[in-house]
Amino acid sequence: MCGLALAQYTLARPAVKAKKALEKRHGFIYIGWLMPNLFRPSHRRRRLLFLLLLGAALLVFHARTKKPGELNALDRIVLTVSAPVQRGATWAYRWAEAVWHDYLFLIDVQQRNERLEREVTALRQRLNELHEMELENRRLRKLLDFSEQHARPMYTARVVGYDPTSRYRTIRIDRGTHGGVFRGLPVVTARGVVGRVLRAWADYADVLLLTDPQSGVDALVQRTRARGTVEGVGEASLRLKYLLRLDEVRPGDLVVTSGFDNVFPPGLVIGTVSRLRRRSSGVFQEVQITPAVDMSRIEEVAILATLPAPRPSLETRCPPCNDPARNAQPATAPTPDPHLPPPAQEAPNPQGGTPP
Amino acid sequence: MTWWPFLVFLGLGWLILVLQSTVMSYIGYGILQPDLLLVLLVHTSVHRRGAAGCALAVLFGYLMDLFSGRPFGTSLVIYVCLYFVIRLLSLRLLLQGRTVQMILVAIFSLVSEVGSTGLARLAAIPSVPRLSLLDMAIRAAINAVVVLALFPVLARIESSVSHKSGPFQVSA
């Protein structure tokens, strides 16, 4: 503290002198940028406020970094107020876009034949609505088929907002803890994996997309069963890491979830291999994947309602044998992710009903 | 004592974030999306001092953390630091010309991006998204261009609410 005070005094003194000299010569002159406020001896309160605020901010950063995804009461209030507005803004934008495409482009025609145009526009709008409904119906039907295929309950939700920064990849959906969604649940579409729930509150949840560098999924190359970890790179593509150099992969190979991470069930499509680079040395090869789902155009998603049960080990899968030592050995389950809720549990549904 | 100007700018920040997370996401493309909240922060830091300025910087950082997937607290720290850097340098008079405003917003945008990455690295947060210097520079340039449209609007809002007196008055 003494050192700091001495440094500030040393820095402030010449600045004060310079200011006085300039004022003497030229009258009043603003030289605030020459003599920063922090060095002025009279600004101790500001210094203290800055240090206090910075300390508090760093404390929040440190505390929240250790428990990512946890929301306190204030967070919930702000998010609960904001999410419906985001939903409204999204709806308004889509409506305006629809009006622009369906109506404003046809103004010239309207001038030629107003009555006919009005009729055409109305019909077109109706047709568009029906078309949208049909598309939505198809998408939902696919999701339903997907649910039946995987024999797991799931919830559907609409996307109401995207991450405001271009750096992180999250989306906001209109189903939260009241709808049975909680942190860690896998999120998919009929085309493939989307990501996992980052945080959830009352009626909304944030989903960390697969393309975000913070996400990772245990994966297999479907053709060769070579195993690796798929990570986002912050752009439209993904990266398959830890794939051994000798593993055979070629562009066009399908990459699917392995199920070993106890989050995603095995066999969900992640994407296709688009590029690979095998260096002359090193243990691993670099593989780039194009995701099966276009993350910028997601409208509806499905949230798988339960986390999968850990894969049984070989001991539990093979029939009982006569080796007593082997039988006495307990089956070892894969270590679950400590950040996630315990696996093989039914998602809590406060409403008591079965998931849609 | 009136909270009106403070609440107006807080509401504006919230509204900007909502727009940034919805409409702007559809219009913008990748890194070509401006950071309107940062531009607002620079404006409020220059024009609002004392408790109001601090509170706005803290609340903007908190809101940005809530709305984005950044590690929680990153924006909070960055915004508080930016606020004090702006106050420290007494930029009020320097920010008179439009070109100077644009350059300073670009610089603060770069500082914000670099600071965000540095903070995450310091805290050893795994898988921090990589953003090249070129990307940062492009974003900074876009934010600088946004100044042309946003600063006059903010100045009008500022002048319409600044006649109120109280603890959150506009700096002289």
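The model is predicted, so local features need pLDDT of at least 70 and side-chain atom pairs count only at pLDDT 80 or more, while totals for chains, interfaces and linings use all residues. Residues are numbered from 1 along each chain as its sequence is written, with chains lettered from A and ligands numbered from 1 in the order in which they are written.

The contact draws on 43 residues from chain A and 40 residues from chain B; two residues are in contact if their C-beta atoms, placed from the backbone, lie within 7 Å. On the side of chain A that touches chain B, at least two residues each come from helix 2 (44–66), helix 3 (73–102) and strand 1 (154–162). Helices (H or I, at least four residues) and strands (E, at least two) are DSSP runs, numbered from the N terminus. Helix 2 of chain A gives the largest share of that side, 10 residues.

Turning to chain B, its secondary structure amounts to 7 helices and 0 strands. Among contacts in chain B between residues at least 6 apart in sequence, 73% link residues at least 24 apart.

Back in chain A, A:L244 sits in strand 8 (residues 238–244). A:L244 counts as partly exposed because it has 13 C-beta neighbours inside 10 Å. Leaving out residues up to four places away in sequence, A:L244 touches A:V283 and A:F284.

How values were computed. Buried ≥ 20, exposed ≤ 12 C-beta atoms within 10 Å, placed from the backbone.
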